[in-house]
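Keep the sequence and the model open as you read.

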Amino acid sequence: GMSRVSECTIFGDARVTQTQTADVAGQLAVGVRYFDLRPAVWKVTDDSPTLYTGHFSSAAGGQGCLGEKLSDILDAVARFMQSTQDEIVILKFSHYGDSDTRAFPPALQQRMIALVQGTLHSWMLTAQVGEKAGRLTVGQVIDGGKRVLCVFDGLAPDLYDPANGILQYGSVDPANPDALQQTNLDVYDSYTGTENTVMMMADQLFKYRQFTRAPLDDGEFFLLSYTLTLSDLDSTPAGSGSILELAAKANQWLWQYTTGLFPPSSPARPPNFIYVDAVDAATPLRAALYCNAMAAAPPA
């Protein structure tokens, strides 16, 4: 949701908040199917704040920017669903904050949910409490017609409603594989937090091995967080560089990294999601398609 910035705090700007060059509609067009959306408003204390996505940090009392309007994103997904018959989209919602790092109160969370359901209700996958979407095949989801997975992390507990498409996200901990009982989509997603590409690659490989060695057998997914993070200094006005520049530096190596870890002869299953900043129709998508082919291939 951060392909553009619409409003920023005094120390926030595009350099430290913009993570994509194409909006959600453009990302759908080039093949992106998993979205990390962080709903935000400028002030939760406003009477009827407009819902956006946002990228804020807690530093210096909350700094960052708003991105795309949430309604525009949901409309783009709805148009995509109308124009396709065999595509699945996963929308992960989390954070829910404002420019002062105040969390959404339950009433604003409810309003956000109503907007999602009002736009996407015809396509939202439904489930029971604790029913694991990761156990479904792609074909089962497509044949069922409910092809948008709206997964929420950090809602007020009584707002989860999987029977009406408000699925609960589960954060996988390989050291405690039995912890997730009520959740619907369980993902091991742990970013590295460095500006160094080699350190990020090594860290994500270590986490991937943790995941594959853990006794997980309930439809859990692994997300390869192939992202670099500005240092604390570079996130301030005194810093240099940008998120998009870091992404360009890392993304040029993603193809070699992916094909090196998972050569055609490899018995290992590839990651389920590859999460990148500044996605485009070249290297990031090629790497994802390669992993798809690896996942679909019969074991040697």
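Q: Which residues line the largest cavity?
A: This is a predicted model: local features need pLDDT of at least 70, side-chain atom pairs count only at pLDDT 80 or more, and totals for chains, interfaces and linings use all residues. Residues are numbered from 1 along each chain as its sequence is written, and side-chain values use heavy atoms, leaving out hydrogens and water. A cavity is a set of points, on a 1 Å grid over the protein atoms alone, where a 1.4 Å probe fits but cannot get out; lining residues have an atom within 4 Å of a point. The lining is Tyr-226, Thr-227, Leu-228, Ile-243, Leu-246, Ala-247, Ala-250, Asn-251 and Asp-277.

Q: How many residues of the largest cavity's lining are nonpolar?
A: Ala, Val, Leu, Ile, Met, Phe, Trp, Tyr, Cys and Pro count as nonpolar, Asp, Glu, Lys and Arg as charged, and the others, Gly among them, as polar. The lining has 2 polar and 1 charged residues. The nonpolar count is 6.

Q: How much space lies in the largest cavity?
A: Grid points are joined across faces, edges and corners, and a volume is the space filled by probe spheres set on the points. The count is 1 cavity of 30 Å³ or more. The space in the largest cavity is about 30 Å³.

Q: Which strands are the edges of the open sheet of 7 strands?
A: Strands (E, at least two residues) and helices (H or I, at least four) are DSSP runs, numbered from the N terminus. Two strands pair if DSSP finds at least two bridges between them. The order is S1-S5-S7-S8-S9-S10-S11, with parallel pairing. Each edge strand pairs on one side only: S1 (34-37) and S11 (273-275).

Q: What is the bridge partner of Tyr-169 in S9?
A: Strands S8 (167-171) and S9 (185-189) pair in the parallel sense over 3 bridges. The partner of Tyr-169 is Leu-185.

Q: At what angle does helix H6 run to S10?
A: Axes are lines fitted to C-alpha atoms, for helices over the stretch in contact (heavy atoms within 4.5 Å). Angles run from 0 to 180 degrees between N-to-C directions. H6 (197-213) lies across S9 and S10 (221-225), and its angle to S10 is about 175 degrees.

Q: How far apart in sequence are the parts that Arg-33 and Glu-87 tie together?
A: These side chains meet in a salt bridge at 2.9 Å, N to O; the rule asks for a side-chain nitrogen of Lys or Arg within 4 Å of a carboxyl oxygen of Asp or Glu. Arg-33 lies in the loop between H2 (24-30) and S1, and Glu-87 in the loop between H3 (70-83) and S5 (89-93), so the parts tied together are apart in sequence by 54 residues.

Terms used
On a 1 Å grid over the protein atoms alone, a cavity is a set of points where a 1.4 Å probe fits but cannot get out, and a pocket is an open set with protein on both sides within 12 Å along at least five of seven lines; lining residues have an atom within 4 Å of a point.
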